[in-house]
Amino acid sequence: MDEERFVRILDREIPFDKLRVDEKKELKGYVKALGALKEICCYRPSDELKKRTLSNVRKLKSRPYRILGTVAACLVLGIFSVSFFTGNTILIKKKGELYQLANVLGSSSTLNERLRVNLNAFAQDEVEGNDLVMMEKEMERSLGFLSESAVESDFEISGISTTY
Amino acid sequence: MDEKKLIDGLKKKKVWAYEVLYDEYAPRLGSVVKSYLGYDDVEDVIQEVFIKVFKNVKKFRGDAKLSTWLYRIAVNVCKDTLVKRKRNNEFLTDFRESEDKVTFEPPATTNVFREVMDEISFEELMSVVAKLAEDDRLLIKLRDIDDLSYEEIADILDKPVGTVKSRLHYARKRLKELLEEVGYIG
């Protein structure tokens, strides 16, 4: 069959009853193929898919409200956190290395109390010096003085404070 | 239901409108998707179409029919899916092609068989149709099965009417050739 005529038949420009027998036969084959295509494409959506689709729609519908709620909750939490921490803050200042060392040794013993005072006094005088070497010397002197009480020393302990 | 009322409901994001839309259009959309993509991804595409409808329904001005607009969204989602599928699952495509070859029954060649059978089996007919390109299948489906006008198809595919006519002509010719190859017509 002529291509143009075949297309015109398919577009229903030529009525079916005006077709020749061979054309009808050819068309019948084509229509059966269309039937197969229709069968391949036949689709019945499931109830499960309907539920899922409508659930997606509901989620999309409520999304702006959920975002708004989340933002509001974050805002309230942020304001609460800021107000809480500004009212309950303890400022901690960093002290010198000698002070930290004394802390490492412990704070309960009398020896360390004394040592700490001396170290503090030393730290004030020799801030820019060779800290480590000076600290060792100072510790030796302090410990030597306390363990050998009979030996006179030129080290002054009059600065020890018991109320520190 | 009145289409205008339905569109109003969709624009106001009423769930009942989406339910009506699903009941009325999901089978038709699924059918178009299936003609384009085959069995896989139909449900995913339908869900994606409804999400796109929800997001873009306010842009729908009503120039075209609602069905045309829905078909267009479905076809676009199908195209995206096909691109993704081709990009990510080449091995799967190969597998599917080889699977087709396995299930394809060779066409009848002898007159004796033709006399007995008188016509090729329905499965063979289906495998012939499956040999058509996705675009050709879609065009034939929209025009010869769903009976849409050339203008509507042009709207759906976003192509000029002339292009649609020539491509449909080619698709029909291709199907006819395939049917002739297996000796079904001609």
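Student: Which residue lies over the face of B:Phe54?
Tutor: This is a predicted model. In chain B, the ring of B:Phe54 has a lysine over its face, at 4.3 Å from the ring centre. A charge sits over a ring if NZ of Lys is within 6 Å of the ring centre and within 35 degrees of the ring normal. The residue is B:Lys13.

Student: How far is the charged end of B:Lys165 from the ring centre of B:Tyr150?
Tutor: The ring belongs to B:Tyr150, and the charged end of B:Lys165 sits over that ring. The distance to the ring centre is 5.3 Å.

Student: How many aromatic pairs does a search of the whole structure find?
Tutor: The search covers all chains. Ring centres must lie within 6.5 Å to pair. The count is six.

Student: Is the pair of A:Phe6 and A:Tyr30 stacked or edge-to-face?
Tutor: The ring centres are 5.0 Å apart, with 90 degrees between the planes. Planes over 60 degrees apart count as edge-to-face, so this pair is edge-to-face.

Student: How many residues apart in sequence are the parts that this pair ties together?
Tutor: A:Phe6 lies in helix 1 of chain A, residues 3–10. A:Tyr30 lies in helix 2, residues 21–41. The pair therefore ties together parts that are apart in sequence by 24 residues.

Student: Are A:Phe6 and A:Tyr30 buried or exposed?
Tutor: Buried means under 20% relative accessible area. Both A:Phe6 and A:Tyr30 are buried.

Student: Is A:Phe80 buried or exposed?
Tutor: A:Phe80 forms a stacked pair with A:Phe84, 6.2 Å centre to centre. The relative accessible area of A:Phe80 is 55%. Over 50% counts as exposed, so A:Phe80 is exposed.

Terms used:
Residues are numbered from 1 along each chain as its sequence is written. Chains are lettered from A and ligands numbered from 1 in the order in which they are written. This is a predicted model: local features need pLDDT of at least 70, side-chain atom pairs count only at pLDDT 80 or more; totals for chains, interfaces and linings use all residues. Side-chain values use heavy atoms; hydrogens and water are left out. Rings of Phe, Tyr and Trp (its six-membered ring) pair if their centres lie within 6.5 Å; planes under 30 degrees apart count as stacked, over 60 as edge-to-face and the rest as tilted. Helices (H or I, at least four residues) and strands (E, at least two) are DSSP runs, numbered from the N terminus. Buried means under 20% relative accessible area, exposed over 50%, partly exposed in between (1.4 Å probe, protein chains only).
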